Amino acid sequence: MKKKPQSAAGANRLKVDSARMWNRVERLATLTEKNQPWTRRAFTDWYVRSRDWLRREMDALHLTVSIDAAGNLSGTLPGGEPHLAALASGSHTDTVPRGGRFDGIAGVVAALEAANVLAEHGRPLKRPYQIIDFLAEEPNAYGTSCVGSRGMAGELTPEQLDYTADDGSTLAQAIARSGGRPESLGAPLRSAKDLAGFVELHIEQGVVLEQERRDIGIVTDIVGITRYNFSLGGQAMHAGTTPMERRRDALAGAAEFVVAVEKLARRRASADAYLVATVGKLEVIPNGSNVVPGRVDLVLEARSNRDTVTEKFCRDVIGIAKECAARRNLSLDHRLVSQNDAIHCDAGVQTAIERAAAANGCSSLRMPSGAGHDAAHVGRLCPAGMIFIPCLEGKSHCPEEWTDPEQLACGAQVLLDSIVELDRIIE
Ligand code: HGY
Ligand code: MN
Ligand code: MN
């Protein structure tokens, strides 16, 4: 990022409206599957309704609203020099099953608030400012997470676009249903020519800021995430009449595999290589209490800030699966679902965030992200960074997820001031 000399970054005259933001958080929280708070899965009716609401909010601010080929919904506020590359902020509004009200949503609401304040002051930026709601950030019926931001970065593969959900539709069809143009995907949709910088606000989804009593996390790195589907095949049999030695129990094999994955991840995690591995999704077929499990489908994900560590871990885990299946006379299929490398956040963006936090009297801390984010993909197109705000006891991906209105307002003010600062210093 080419920058002008930094001047004293005083807190600027533009102030976010905390109550207005909180109203938007509460409005979005009503758009959820009933009796499963909070569940708004990508590509479902509730998700379509939440995007319709967001589009109306953008229209009300007279933003130029569009959906790109990857299905990302964006609103653009013109700048004083419209030919300049835009500055952008955003996140996602889809949730995990029975997730929270802030994961992704806080970033979209804060980005919208920045547009709201800028619009109220009649274009105080040189550059266009864009708010983006990225399509399907969470893993969904089509396997791949970060669908919209991967698509924007030109990272969606033909195999991922062909991935077929249980209802027989493909990811490409789901993107088209969301207003995208999957036939135009493949190359990056944006470049530094039209995107000068990107900042994403997100709840930390961890306990560091709360324990360190800091207001703002300045994200230094975002982990890479690799996801595999594994399918172990045995033989469904009567649970009462099949002696133990005659079984090919797919779930017993899967259980041994999952414990081995956990043990290996504990051994491989180290001070200089963050590594976590999880089997969070597992399906037993036919899943009857009196049937020896005939098949198990599971998803394994591994994350690290060092790509070579993830690669070796996944290779070794596949070896463990093959050995376990052979010993138990089970069949084994495995398939790579998605993979993205770790990314370093732009140093100039980190500095702008740090200065904006200081100008607002907010304490801050530089830290890595163990969660994946859309910024990890946008960061392959332009200088990108992230602002973390604390969340209660680090809880996330659960209904107990919480951040205070004051914490959200503090983060949104730092976001706005970072955007203003970047507009000033990027040449
Ligand atoms: O899974 C993640 O890291 C993100 O919350 N989708
Ligand atoms: Mn999430
Ligand atoms: Mn998220």
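The donor residues of the manganese ion (ligand 3) follow the sequence spacing H-x10-D-x98-H. The model is predicted. Those donors are H92 through NE2, D103 through OD and H202 through NE2. Their distances to the metal run from 2.1 to 2.3 Å.

Where do H92 and D103 lie in the chain? Both belong to the loop between strand 3 (86–91) and helix 3 (105–120). Eleven residues separate them. H92 has 0% relative accessibility, so H92 is buried. D103 has 5%, and therefore D103 counts as buried too.

D103 also leads to the next site. It is one of the residues around ligand 1, along with E137, E138, Q205, R227, R303, A371, G372 and H397. By class, this shell holds five charged residues, three polar ones and one nonpolar one. Which atoms make polar contacts here? A polar side-chain atom of E137 is 3.0 Å from a nitrogen atom of ligand 1. For E138, a side-chain N or O atom lies 2.9 Å from a nitrogen atom of ligand 1. G372 uses its backbone instead: one of its N or O atoms there is 2.7 Å from an oxygen atom of ligand 1. Taken on its own, ligand 1 has 210 Å² of accessible area, and the protein covers 94% of this.

Now return to the loop that carries H92 and D103, and follow the chain into helix 3 (105–120). Helix 3 has 16 residues. From first C-alpha to last, helix 3 reaches 22 Å, close to the 22 Å expected at 1.5 Å a residue. Helix 3 is mostly covered, with 14 of its 16 residues buried. After helix 3 comes G122, whose phi is positive, near 60 degrees.

Helix 12 spans residues 405–425. Its 21 residues reach 30 Å between the first and last C-alpha, close to the 30 Å expected at 1.5 Å a residue. How much of helix 12 is buried? The count is 16 of 21 residues, so helix 12 is largely enclosed by the rest of the structure.

Terms used
Residues are numbered from 1 along each chain as its sequence is written. Chains are lettered from A and ligands numbered from 1 in the order in which they are written. This is a predicted model: local features need pLDDT of at least 70, side-chain atom pairs count only at pLDDT 80 or more; totals for chains, interfaces and linings use all residues. Side-chain values use heavy atoms; hydrogens and water are left out. Donors are N, O and S atoms within 2.8 Å of the metal (3.2 Å for Na, K and Ca); water is not among the atoms, so sites may look incomplete. Helices (H or I, at least four residues) and strands (E, at least two) are DSSP runs, numbered from the N terminus. Buried means under 20% relative accessible area, exposed over 50%, partly exposed in between (1.4 Å probe, protein chains only). A residue is near a molecule or strand if one of its heavy atoms lies within 4 Å of it. A polar contact is a pair of N or O atoms within 3.5 Å; within protein, one must be able to donate a hydrogen and the other to accept it, and residues adjacent in sequence count only if both atoms are side-chain atoms. Accessible areas come from the Shrake-Rupley method with a 1.4 Å probe; for residues, only the protein chains shown count as cover. Ala, Val, Leu, Ile, Met, Phe, Trp, Tyr, Cys and Pro count as nonpolar, Asp, Glu, Lys and Arg as charged, and the others, Gly among them, as polar. The expected span of a helix is 1.5 Å times one less than its number of residues.
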